[in-house]
Structure formats: C-alpha cells, structure tokens
Amino acid sequence: MRRTFLASGAVVAALVFALLLGWWQVDGPGADQAQTDDPRPLPLTEMSFTLTDQSGRNVGPDTLAGKPALVFFGFTHCPEICPTTLSDISGWLDELGTDAERITPVLITVDPERDTVEILSEYVGFFHSAIQGWTGTPPETAKAAAGFRVGYRKVPLEEDYTMDHTAGVFLFDATGRFVTAIDYHEPRDFALPKIRRAFQNEEAGQ
C-alpha cells in the first residue's frame, strides 16, 4: 500500500514539474522569443498595406503603432472558428479590465468581396467594443495576408463559397515586434500571460 502511495505521489510530482516547466518555457521567465512556422521576423514596421476600418477610415500597419496589438484573420460568414476566436478575444479583454484600453484588437477579413465596411461594422458590434474590423480591395487584402504570412483561399460550395484561412491570433508589442501567437481556442489561463508579456515589453521600452 505504501509503495502504491509513493508511486502515485511520484506521478503527481512529475505532472506538476512538467506543467511548471511548460509555463517557464512558454510564458514564464524562461520563455524564448515566439516562433512561427516561418522563422523570419514578423515586424509590423516592414509591412505595407492600406485597408479600411468599420468606421470608413484608412488603416494599415502604422495604425497599430504605439500600443500592443492582437490581429486575427477571418470573415463574417465563418461558421465556427471566427466567432469563437472573437468571443475568446472579448473574454480576454473583459478579463484585462481597464488594461484592455492599452491594446488594439483587429479582425482583418479574408473575404473582402462580401465583407463590406457596413457588414464588418455590424459584425464586430456583436463582440467587445474595442475590436475593430478591417476590409479592403482584394489586392490590398492579399498584401496584408502576405505581410502576416497568412494563407487563405476560396472554397466553392454547392450554391455559395466559404474561405479556408490560417487560424490563430498574432500578438505584437507597442514597437510592432511580434511577441507570440495565441492558438485557436487557447485556454484563457495561457492566453492572458502572453498578452501581459506584450504589456511588459511596452513598459520596458518606456
């Protein structure tokens, strides 16, 4: 009986150690610079595109300067991934409280043919009030996606079409430097420390 108890204790200790090691390496003091599938840097300062936000204003990489940013690519006809991600972002912003004012969250549509300024304005209105919706011409959308190294394509349906696209949220600090990616439906306990890391980068640069 005592041997069984000791063995169980060892398993629990190993699990706790693994979780602490994962936190240390991913979001704790031992965290490395975030990696994407493409090892090249992903700075906003090297991107060039012009889109339109839900209020009709011209926007681009410079619009995101000066504050940390959360950038997500999606579209309003998306059945699951996009509304789920935007709901998650809304939850993160609610959890941040007044700190939510320190970050710029943006949805960039990969379906500019259907997602007009008016449609995007109505769509993002269902989520946290800080979330912006950006659209543009197909060529400018392609430039934006290329800058973020996002893939997307139109998929024909029987009477319509849908869009395949890269999921996940890009997190940048106030200087436009890529901090990390937040995966689709990532638990809030993992996502929030990543966002706070972007705030720490902002404070360190002041």
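Visitor: What should I know before we start?

Guide: This is a predicted model, where local features need pLDDT of at least 70, side-chain atom pairs count only at pLDDT 80 or more, and totals for chains, interfaces and linings use all residues. Residues are numbered from 1 along each chain as its sequence is written, and side-chain values use heavy atoms, with hydrogens and water left out.

Visitor: Okay, in what order do the strands of the open sheet come?

Guide: The order is E2-E1-E5-E4-E3-E8-E9, making 7 strands with mixed pairing. Strands E2 (58-59) and E9 (178-182) are at the edges, each pairing on one side only. Strands here are DSSP runs of E with at least two residues, helices are runs of H or I with at least four, and both are numbered from the N terminus. Two strands pair if DSSP finds at least two bridges between them.

Visitor: In which sense do E3 and E4 pair?

Guide: Parallel, over 6 bridges, with E3 covering residues 69-74 and E4 covering residues 104-109. Ala69 has Thr104 in E4 as its bridge partner.

Visitor: And which strands does helix H3 touch?

Guide: Helix H3 (residues 117-124) packs on the sheet against E1 (51-53), E4 and E5 (132-135), and its direction makes about 155 degrees with that of E5. Contact means heavy atoms within 4.5 Å. Angles run from 0 to 180 degrees between N-to-C directions, using lines fitted to C-alpha atoms, for helices over the stretch in contact.

Visitor: Where does H4 lie?

Guide: Helix H4 (residues 138-148) lies across E1, E3, E4 and E8 (169-172), at about 125 degrees to E3.

Visitor: Switching topic: how many aromatic pairs are there?

Guide: The structure holds 7. One of them is Phe73 with Phe148, edge-to-face at 5.2 Å centre to centre and 65 degrees between the planes. That pair links strand E3 to helix H4, 75 residues apart. For a pair, ring centres of Phe, Tyr or Trp (its six-membered ring) lie within 6.5 Å; planes under 30 degrees apart are stacked, over 60 edge-to-face, and the rest tilted.

Visitor: What does Thr52 touch?

Guide: Leaving out residues up to four places away in sequence, Thr52 touches Arg57, Asn58, Val59, Val117, Gly133, Trp134 and Thr135. Thr52 is in strand E1. The C-alpha atoms of Thr52 and Thr135 are separated by 5.4 Å, although the two residues are 83 apart along the chain.

Visitor: One last thing, how do E6 and E7 run?

Guide: Antiparallel: 5 bridges join E6 (residues 152-156) to E7 (residues 161-165). The two strands form a hairpin with 4 residues between them, and Pro156 stands opposite Tyr161 in E7.
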